[in-house]
Amino acid sequence: MSQTLFAQALLNPDAALPPGLVDPEGLPAPKRFSVYRNNVASSLTRALEAGFPTVRALVGDPFFAAMALIFLRAHPPRSRMLMLYGDEFPAFLAGFPPVAHLGYLPDVARLELAMRESYHAADSTPLPEAEFQRLLGAEIAGLRLRLAPAVRLLRSNWPVVSIWATHHEDGPKPRPVAEDALILRPDFDPHPHRLPTGGADLVDGLLSGRTLGESLDKAGPGMDLAAILGLLISGRAIIGVSE
Amino acid sequence: MLDQTLNGLPAKPGVGYKPQHFAAILADPGPVGWLEVHAENYLGAGGRPLAQLRHLAERFPISVHGVGLSIGGEGALDRDHLDRLKQLCGWLNPASFSEHLAWSTHDGAFLNDLLPLPYTPATLARVCDHIDQVQEVLGRRMLLENPSTYIAFAETAMDEVDFLGEIARRTGCGLLLDVNNVYVSGTNQNYDPQSYLDAFPLHLVGEIHLGGHDEDLDDQGRRLLIDSHGAEVVDPVWALYARVIRKAGPRPTLIEWDNDVPDWPVLAAEAACAARLLEPVA
């Protein structure tokens with residue numbers, strides 16, 4: 001019996017039982033085989049529920065479970081590290097007709113993926129306060145900041161940070177505005193912050209290794225540099241600087 | 001006597017570590033003398049999981065239990081995954097590394113279940129090749145766990161105990177004896193768990209697993225047990241375990257509870273049951 005047939009039958013509920021699988025009397029045993037089908041479906045559903053709690057809260061538990069089943073059959077994990085399972089989930093949501101009216105859902109899923117990546121990212125040590133003060137006293141436009149491996153940036157046309165906060169922190173009802181999210185992990189718990197207009201361009205510049213001056217130019221006029229730097233510093237996200 | 005190179009775990013109760021028990025375990029481990037973690041949960045780059053594991057490893061011997069290597073898979077072992085396991089074993093230097101007689105990946109997809117194998121000469125050769133590779137890359141002897149199964153293969157030509165014994169003989173690996181799996185598989189495959197254990201090469205057993213299961217019915221309406229790791233160990237499994245350690249002597253014994261995980265006192269009480277049985281045979 002080939003494992004190809006076994007694997008196909010696991011992921012496809014309409015597939016025939018693979019030949020040669022029997023009960024103790026040698027009889028075919030579809031119900032016994034279904035134990036494996038259920039194990040695969042329920043364990044991967046649990047992984048998706050753990051990974052996308054906000055998406056789940058937005059659509060409700062029964063709907064999420066049904067949707068997860070369709071997703072996992074079409075997109076089983078490609079890695080054994082289940083904690084990162086679901087990188088194809090946002091694109092799946094964007095093309096899944098029953099949630100087409102929830103335009104923000106794919107970006108909420110992207111935010112949750114980015115939070116999980118941040119949670120498992122490498123540890124780092126922030127730049128000491130004194131080092132900052134010394135550098136900020138000089139000409140800062142030419143500085144390049146090195147950001148922590150746990151920093152994630154997500155641009156969105158939807159109020160993703162507010163939606164997240166509504167579900168996790170009893171935040172106010174989200175208003176229909178675009179929100180770019182900066183995820184910082186000061187110790188072990190990632191937290192999404194809403195960036196002001198132009199903030200995503202600035203952070204993107206820094207993440208790409210551009211100088212502060214170049215990044216500020218990208219962000220356009222009116223950018224509150226002090227606010228962004230304050231956010232990065234309090235989030236222990238600046239781990240190095242070079243001139 | 002147990003071959004001491006089998007395992008560096010103490011012959012005491014251990015538990016499968018769950019992050020929600022971190023503070024409780026450190027405050028009062030009770031009878032728990034070691035911890036087991038699923039390797040795949042600790043292959044990230046950093047963050048809380050690794051920080052907790054580093055902290056626990058200062059206090060407890062750690063067993064690394066892989067659930068994703070797919071040693072019985074038809075395809076080659078995933079070299080990247082094996083290298084990540086090597087890296088984990090490198091910095092953690094666990095007291096034991098174990099995996100399953102099962103497969104879980106196919107054609108690049110990870111199915112996240114321990115799937116069954118037909119016991120044939122071809123499977124035997126493939127599993128032995130894979131175990132040789134694992135032991136070579138990790139630079140350590142591994143333990144292989146007997147599976148819980150729900151279905152049989154018409155092509156199976158060997159008895160499971162003989163199959164495991166032959167793998168150990170060819171590869172030099174040790175065995176992880178899951179007594180609940182023996183009870184589950186024995187019920188499901190219509191054999192006597194006691195006879196299975198009487199035939200089992202206990203001198204190769206470096207670790208014992210105990211866990212709970214669910215009950216269902218098969219196609220013919222007969223009792224079908226599902227290995228759920230989501231309940232207390234049942235009395236018949238305790239009885240089988242007691243007989244194993246009376247015969248084999250005390251062995252590192254894990255309480256496995258992975259689903260519907262209870263509060264720490266419930267898990268510690270299960271470990272205390274194992275401790276009460278281990279004490280008189282020590």
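How many bridges join strand β1 of chain B to strand β2 of chain B? Three bridges join β1 (residues 13-16) to β2 (residues 34-38), and the two strands run parallel. Strands here are DSSP runs of E of at least two residues, helices are runs of H or I of at least four, and both are numbered from the N terminus. Two strands pair if DSSP finds at least two bridges between them. B:V15 stands opposite B:L35 of β2(B).

The model is predicted; local features need pLDDT of at least 70, side-chain atom pairs count only at pLDDT 80 or more, and totals for chains, interfaces and linings use all residues. Residues are numbered from 1 along each chain as its sequence is written, while chains are lettered from A and ligands numbered from 1 in the order in which they are written. pLDDT is the predictor's confidence in each residue, from 0 to 100. Chain B has a mean pLDDT of 96, and 98% of its residues reach 70 or more. For the complex, the predictor gives an ipTM of 0.94 and a pTM of 0.95.

In chain B, eight strands close into a barrel. Their order is β1-β2-β3-β4-β7-β9-β10-β13, with parallel pairing. From one strand to the next, the twist averages 30 degrees. Angles run from 0 to 180 degrees between N-to-C directions, and axes are lines fitted to C-alpha atoms, for helices over the stretch in contact. Helix α6 (residues 179-189) of chain B packs on the sheet and touches β9 (174-178) and β10 (205-211). Its direction makes about 65 degrees with that of β10(B).

α6(B) also packs against helix α8 (residues 235-248) of chain B, at an angle of about 120 degrees and with the axes 9 Å apart. The two helices are therefore oblique to each other. Angles under 35 degrees count as roughly parallel, over 145 as roughly antiparallel, 65 to 115 as roughly perpendicular and the rest as oblique. Residues are in contact if their C-beta atoms, placed from the backbone, lie within 7 Å. α6(B) contributes B:V179, B:N180, B:V182 and B:Y183, and α8(B) contributes B:P236, B:V237, B:L240, B:Y241 and B:V244. Eight of these residues are nonpolar, one is polar and none is charged. Ala, Val, Leu, Ile, Met, Phe, Trp, Tyr, Cys and Pro count as nonpolar, Asp, Glu, Lys and Arg as charged, and the others, Gly among them, as polar.

The two chains meet through 37 residues of chain B and 38 residues of chain A. On the chain B side, β6(B) gives the largest share, six residues. That side has 16 nonpolar, 13 polar and eight charged residues. Strand β1 (residues 21-22) of chain A pairs with β8(B) in the antiparallel sense over two bridges. There, A:V22 has B:A152 as its bridge partner.

Chain A has an open sheet of three strands, in the order β3-β4-β5, with antiparallel pairing. β3 (152-154) and β5 (191-195) are the edge strands, and each pairs on one side only. Five bridges join β4 (residues 180-184) to β5(A). A:D180 stands opposite A:L195 in β5(A). Two helices lie across β3, β4 and β5 of chain A. Helix α6 (residues 105-120) runs at about 175 degrees to β3(A), and helix α9 (residues 199-207) at about 140 degrees.
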